[in-house]
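Here is a short report on selected features of a structure. Read it alongside the sequence and the coordinates.

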Amino acid sequence: MAEWSGLHSSTSRHTMDKSITLPPDEIFRNLENAKRFAIDIGGSLTKLAYYSTVQHKVAKVRSFDHATKEATSDELYEISVQEEVTARLHFIKFENAYIETCLDFVRDHLVNTDTKVIKATGGGAHKFKELIERKLGLRVDKEDEMTCLIKGCNFVLRNIPHEAFVYAKHADSEFRFQTTQPDIFPYLLVNIGSGVSIVKVESEDKFERIGGSSIGGGTFWGLGALLTKTKRFDELLQLASKGQHTSVDMLVKDIYGGSYGSLGLTGDLIASSFGKSATADKEFRCYMAKSLLHMISNDIGQLACLYAKLHNLSRVYFGGFFIRGHPVTMHTITYSINFFTKGEVQALFLRHEGYLGAIGAFLKGAEEDNPNQYSWGENYAGSSGLMSVSPDMNPMQRARSGTFDMLEMDRLERKLVNLPLLQDASSYIPDTVDLAEDALAREYWLYCFEEALDGVVKRALASQPDMPEAAERAEKFRQKYRHKLQTLRHQPL
Amino acid sequence: MAEWSGLHSSTSRHTMDKSITLPPDEIFRNLENAKRFAIDIGGSLTKLAYYSTVQHKVAKVRSFDHATKEATSDELYEISVQEEVTARLHFIKFENAYIETCLDFVRDHLVNTDTKVIKATGGGAHKFKELIERKLGLRVDKEDEMTCLIKGCNFVLRNIPHEAFVYAKHADSEFRFQTTQPDIFPYLLVNIGSGVSIVKVESEDKFERIGGSSIGGGTFWGLGALLTKTKRFDELLQLASKGQHTSVDMLVKDIYGGSYGSLGLTGDLIASSFGKSATADKGFPKEDMAKSLLHMISNDIGQLACLYAKLHNLSRVYFGGFFIRGHPVTMHTITYSINFFTKGEVQALFLRHEGYLGAIGAFLKGAEEDNPNQYSWGENYAGSSGLMSVSPDMNPMQRARSGTNPRHHCHHTKFDMLEMDRLERKLVNLPLLQDASSYIPDTVDLAEDALAREYWLYCFEEALDGVVKRALASQPDMPEAAERAEKFRQKYRHKLQTLRHQPFAYGSLTVRSLLDTREHCLNEFNFPDPYSKIKQRENDMALKYYQKVVKSLEELSWEERQFALIRGVLAGNVFDWGAKAVSDVLESEPEFGFEQAKRKLEERPWLVDSYDQWFERLKGPPHKCALFFVDNSGLDIILGVMPFVRELLSRGTEVVLASNSAPALNDVTNGELQILTESIAAMDPVIQAGLREDRLTLVQSGSSSPCLDLSRLDKVLAMVVRERKTDLVIIEGMGRAIHTNYYAMLSCESLKMAVIKNSWLADRLGGKLFSVVFKYEVPAAGHDSEALTPP
């Protein structure tokens, strides 16, 4: 709960100026045909969702009618390129600072829509209601935040393979993706925004907030700011990742000189968070940030475990801005869950966790289109990858693209289900080798695909000899795919 | 866990200088005979425990051997004062700063001990090991901290009535004490020291640390110090109690503009602790941050405790540790949090002697060969400081003196004491209680009833001079008696004053606890039985009338006799030195007789009158066995009770007479009753046959109080009651049937009889002086009990 943290003003103060030129080819794609809008405004980020139709060329094959005069041809069937219209969901995430620019852009590019309403959710929705209505000329229709969150979560868990992952800091691959479960229910969602909401989800429409805590991301941010005079959340996390908590925390060994064996407490266990601060003469900012991070992560971890046990749930997903894209907090939460459940429960994270509210709000508005009747697939071409906004993962990228993050999902023509003959659908993994875990194989195949790229471009061009602009499109393809391959080299996940 | 918080150096820095003169009469009492030692050294406080024997004067009665030449005396029995040795546990709590002074003092006063070992526990034990061994010449034997804590907790829960309480800040009485449960297990103990340990206790020896948290008292202290630059724990709490958390915390309404109805979250709920502090442009007042921190930590611990209680299906959750100890602020926030998270299903319970648990446990570990768990123990009110005597918050008068300027600490805040006497006999529940777990002996909780409290405290103060006079008169041959009597007066007056300010000092404040405290104080100064001579005179006088009374009853018709017997018991009960109105009359009119007493009695219908039902019952078959809790010496027992007993025996009902084990006021003691019954038997063949055929039995109640706690009775009594299939319980007298047990529900028929000899109480009950309460009750399972309640 409390995703929105009222920290908007401070966030925007620190971010760049608000007028930027949006590259229309890249973001807000297919706006002309956008049909339904939804927006989720959090404490610092806005997530905009829309549904649009895409005109695509598809290759069709057709038998020659041998009764007709063309039957003289030698060929068995003919190939034609046709236009097909498919449905696509677009999700764009940007800092609240750009909200005005983005709304202007949307208004200017909106052509064929007959939509009158935009669904809105998130704690910040009421704050920007007036602005949205004025800019877009759409009526803002507020949707319950928690309902949207859960709806979105159900949607991604069902439709995006490898949506959920386990985080393991010191493993060969930091992220271990989970295969999609045939039945996603029941699960526990721990949403760590300013505070913490712990929600038990039993079915598509049935969920309950079974617990919560006021010790959440806002506490880390707020107490952290008071203790370290650092007002930026990301900076606090950076401080925390450098610190040594043992000079601030009182450990079991500080009290007993070692472990407390009869109670099963190891010497390095934190007995009292900040337990040394009342007597310490020096204060180090990073030490305090680290101690604070441990304190909050452990506390949430313990609460999550207890609620999971009480309600007999083994799948626990974590989300909210405290988690979102921050390996540091994913690590401490994972550690805490392992500690408290002795490995019985795994902390799970979601690749598209930041979009859940927007997806949910969109789904609420699109219920007449029956989006749950179809299967959807992530469009890798139009989607940013995991972590592209995280400053910690890839220092090269941080400067460039912190601004916009995208997710596109194509509606598949047919509903996809398990092959009923699979021995165990829940443990089935289609792929033989996970390249993320196998560095040698990864190197080889990435190289291999790069090498093959020229040939692919050539073949693509040759397939459309009659189209003059084909060369330009082929070049764009080459660039896009090469960029994807490069990204994957740095971020195999 | 983690009671010791490594903050010793900072604590001592802020406390006064270390050399103080210890008043030996007051603290470290009975050191000469100290046998076993145990010490629990926490982060700031040391708790020392020792076991010692106490020589006490006790009054004994003995029949004269009428064959000897002294037989010329008129008196039936002789009274002698003898020395008796009893066992007592002493616990003293003081700041670590004084540890050296105290150890020196102990060494200098330790005379008769052959102890070689001191049991030690607490995180600080290893720090002071060398010092203790050097100063005392005892070997320090370390005991596991958690084991000691649990052992101590079990001990106080089992042995100290009103040990546990619920805290309710805004209620008329802040502390609601819980009655002792017959079965104390299982329970959850949440110990909030530097960190938090959550322990499930299943039996005497079986416990498990099922959870814990690093967010505890040390976090409050440490983060609080960083945020407010205030390094003293008490000061942080004081800051917190003054602050406004809403400027620091983000509330639900700060996010959603109001409540979040669909999730059931009210607008005032804290959504994010310190959630506003990241954006605030200016700093916050210290008070507000301290308050927010306190809420954050208390709520978190409360939620964890609830979850563990639910997971393990436990409904009793006790909180302790230095974060809680004596701090109403934290007791309040923890209670609030527990109520919030369990929607009232679980109550937060606190312990009066929580600070001593580790020391008690360590002591018990060392004393296992003395089998301390075989006995029952009782808190000695005379030697124990009350609850909260070290808390600066409770009593604003004290705070001004001792909280703000530590140099002006008065002695009683520096040292806190608990003394427990080993009771001669194991105490158990009366098997005939309808529901032992909900039984509350006392009729009025004076802590909750300000008017009644005022009255009774005044009443006991007024009576003090008389008690002192009588105590002195009981020892005419002892020259130092005057000095002891004066000490008694001062001590009891001081206790009354303490109780006026802190009505909860010894658990629920009741007429019973006031009476018991007076008895403890009298014993403390060796006035074991101030009424012995008066009782003796009255007994001798009453015996002379016995046969005459029995004869006149025999002459009545059956119907008339039944009524006359009841009137006799009631008239006898008018003689009660415990009631001021009567002691005035008795002292000014020594000839005030039995017949006059009858004339003073209220005529029927009495204030509470179920005589008709009782009479109807008598027409039916005799009871199998009656248990009779008797009251006063003299006319009451001899002319009132004995003829009634005689009638019961004649009907074929066995009778068990239960009297006090040790003196209290003019109540007849078991020793006296033995002699009296024998001499009545010599005159009365019915009583004689009863004794001979074992149909009349005398047992001791295990009590030495003018009141009666049916949950703490001699084990032998309980056994006899069971063996004889007792089906009638008779309780006589104001102390036993009105101040206590008025509402007690029994599983068999019961008769409660008393004459109200206090005009204030008479007023309260809607009657007048010498109004009669005659309450005959049949448990609901049978016929309608027609239980009458006071108007």
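Among contacts in chain A between residues at least 6 apart in sequence, what percentage join residues at least 24 apart?

## Chain A overall

The figure is 71% for chain A, counted among contacts between residues at least 6 apart in sequence. The model is predicted. Chain A has 493 residues, and 52% of them count as buried. Its secondary structure comprises 13 helices and 16 strands.

## Helix α8 of chain A

Helix α8(A) runs over residues 285-310. Its 26 residues should span 38 Å at 1.5 Å a residue, and its end C-alpha atoms are 38 Å apart, so the two values agree. The helix is mostly covered, with 21 of the 26 residues buried. Just after α8(A) comes A:N312, with a positive phi of about 60 degrees.

A:S297 sits in this helix. Its relative accessibility is 0%, so A:S297 counts as buried. What does A:S297 contact, leaving aside its neighbours within four places in sequence? The partners are A:F322, A:T332, A:I333 and A:S336.

## A helix pair in chain B

Two packed helices are described by the angle between their axes and the distance between the axes. In chain B, take helix α13 (residues 450-473) and helix α15 (residues 511-524). Their axes come within 12 Å and cross at roughly 25 degrees. Angles under 35 degrees count as roughly parallel, so α13(B) is roughly parallel to α15(B). The crossing of α13(B) past α15(B) is right-handed.

Which residues make the contact between α13(B) and α15(B)? From α13(B) come B:W456, B:L457, B:F460, B:A463, B:V467 and B:A471. From α15(B) come B:V511, B:L514, B:L515, B:R518 and B:L522. By class, this contact of α13(B) with α15(B) has ten nonpolar residues, one charged residue and no polar ones. An α-helix has 3.6 residues a turn, so residues three or four places apart point the same way.

## B:S241 in helix α6 of chain B

B:S241 belongs to helix α6 (residues 233-242) of chain B. Its relative accessibility is 41%, so B:S241 counts as partly exposed. Leaving aside its neighbours within four places in sequence, B:S241 is in contact with B:K291 and B:V329.

How far apart are the C-alpha atoms of B:S241 and B:L89? They are separated by 36 Å, and the two residues are 152 residues apart along the chain.

Note on methods:
Residues numbered from 1 in each chain as written. Chains lettered and ligands numbered in written order. Predicted model: local features only at pLDDT ≥ 70, side-chain atom pairs only at ≥ 80, totals over all residues. Heavy atoms only, no water. Axes fitted to C-alpha atoms, helices over the stretch in contact; angles between N-to-C directions. Helix = DSSP H or I, 4+ residues; strand = E, 2+ residues; numbered from the N terminus. Parallel < 35°, antiparallel > 145°, perpendicular 65-115°, else oblique. Left-handed = near helix turned anticlockwise from the far one by under 90°. Contact = heavy atoms within 4.5 Å. Nonpolar A, V, L, I, M, F, W, Y, C, P; charged D, E, K, R; others polar. Expected span 1.5 Å × (residues − 1). Buried < 20%, exposed > 50% of the residue type's maximum accessible area, 1.4 Å probe, protein only.
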